[in-house]
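Dear colleague,

I am handing over the structure below, and the notes after it set out what was found. Please read them with the structure open beside you.

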Amino acid sequence: MKLILLPAIAGMVLAGPALAQEHATSPLKTVRSATRNATVEPVALGFIAGAQIYPFSEGTIFTGYAAPGLVTDIILQPGENLVAVASGDTARWVIGDTTSGGSGSGSGKGKQTHVLVKPFSAGLLTNLVITTDRRAYHVRLVSTSATALSSMRWTYPQDELLAVERKAEAAQVAAPVAAGVAIDQLNFNYAISGDRPGWRPLRVFDDGVKTYVEFPASLGVGEAPPLFVLGADGKAELVNYRQRDRFYVVDRIFDAAELRLGLKKSQVVRIDRVSHPAKRRGA
């Protein structure tokens, strides 16, 4: 019985280290593969003069080539403030930082941070983590015998997209409330009655298609009242409208409407369209 079991036991003992080694190397392969896939290299189309321009993306590892006797300049976004720089090898690399631009000596809105790196010898490989008040950069540094990037910097697609969106929003806010409307076609024959809160409309008018409710400047200070259109049966219903500066722009003409604000003690302002306008006049 013992003679039969011994080979099996011996086999299990011998297989143990091999299995352990196989399981140990599997995560390492995963890490190597993920790191390789996340790393980007300089490309010919990415150069502007002597600077390599990378599009920034979170988690990407950007490769920088350096050489003994040469300084590679890593340039951050204007206005970005450096928090810390960490390197895997501080013994064989010289790493420092400085600033340019801004008011006088690298301070102010136009300030730009430069991280300067220089290896002591060729054939070195390390990483660099640069943290700022906006993001974290991950750089893979490789030293060669004589070839180095003079500088490397980034474009910021997300920031640029956000700037475009903000510009479009600002243009929309600055646009006229009603563009292309003939002034002599405006109808101001609306009666305003009811309570007198601070947000009570100054006037109401329409252009034959849309109705405009003009409020005092204090509308932007407090809560804006919702607008309800009154049907023929006197029941209130919400209507499509949008707020543009001090105006509510309603996408229809109505005969009666109410502005209501508050729950326990509501403030109600009523708007009635006069059926037979005496005269149309300009704004």
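Where is the place of Asp73? Asp73 sits in strand 5, which covers residues 72–75, a strand here being a DSSP run of E of at least two residues and a helix a run of H or I of at least four, both numbered from the N terminus.

Before going further, please note that this is a predicted model, in which local features need pLDDT of at least 70 and side-chain atom pairs count only at pLDDT 80 or more, while totals for chains, interfaces and linings use all residues. Residues are numbered from 1 along each chain as its sequence is written, and side-chain values use heavy atoms, with hydrogens and water left out.

The chain as a whole

The chain has 2 helices and 20 strands, and of its 283 residues 31% are buried (under 20% relative accessible area, with exposed meaning over 50% and partly exposed in between, for a 1.4 Å probe and protein chains only). Among contacts (heavy atoms within 4.5 Å) with a separation of 6 or more, 63% are between residues 24 or more positions apart.

Asp73 is buried yet has no salt bridge (a side-chain nitrogen of Lys or Arg within 4 Å of a carboxyl oxygen of Asp or Glu). Leaving aside residues up to four places away in sequence, Asp73 touches His114, Val115, Leu116, Ser150, Ser151 and Met152.

An open sheet is formed by 5 strands in the order 1-4-10-9-6, with mixed pairing (two strands pair if DSSP finds at least two bridges between them). Strand 1 (39–40) and strand 6 (82–87) stand at the edges with a single partner strand each, so one side of each is left without a neighbour in the sheet. Strand 4 and strand 10 pair in the parallel sense over 6 bridges, and the bridge partner of Ile61 in strand 10 is His138.

Salt bridges

The count comes to 10 salt bridges. In one of them the side chains of Glu41 and Arg140 meet at 3.5 Å, N to O; because Glu41 lies in the loop between strand 1 and strand 2 (47–48) and Arg140 in strand 10, this pair ties together parts that are 99 residues apart in sequence. Glu41 is partly exposed at 36% relative accessibility, and Arg140 is partly exposed at 27%.

The side chains of Glu214 and Arg246 also meet in a salt bridge, at 3.4 Å, N to O. Glu214 is buried, with a relative accessible area of 8%, whereas Arg246 counts as partly exposed at 27%. Finally, Glu258, Arg260, Arg270 and Asp272 are linked in a network of salt bridges.

With kind regards

Methods:
Lys, Arg positive; Asp, Glu negative; His and termini not counted.
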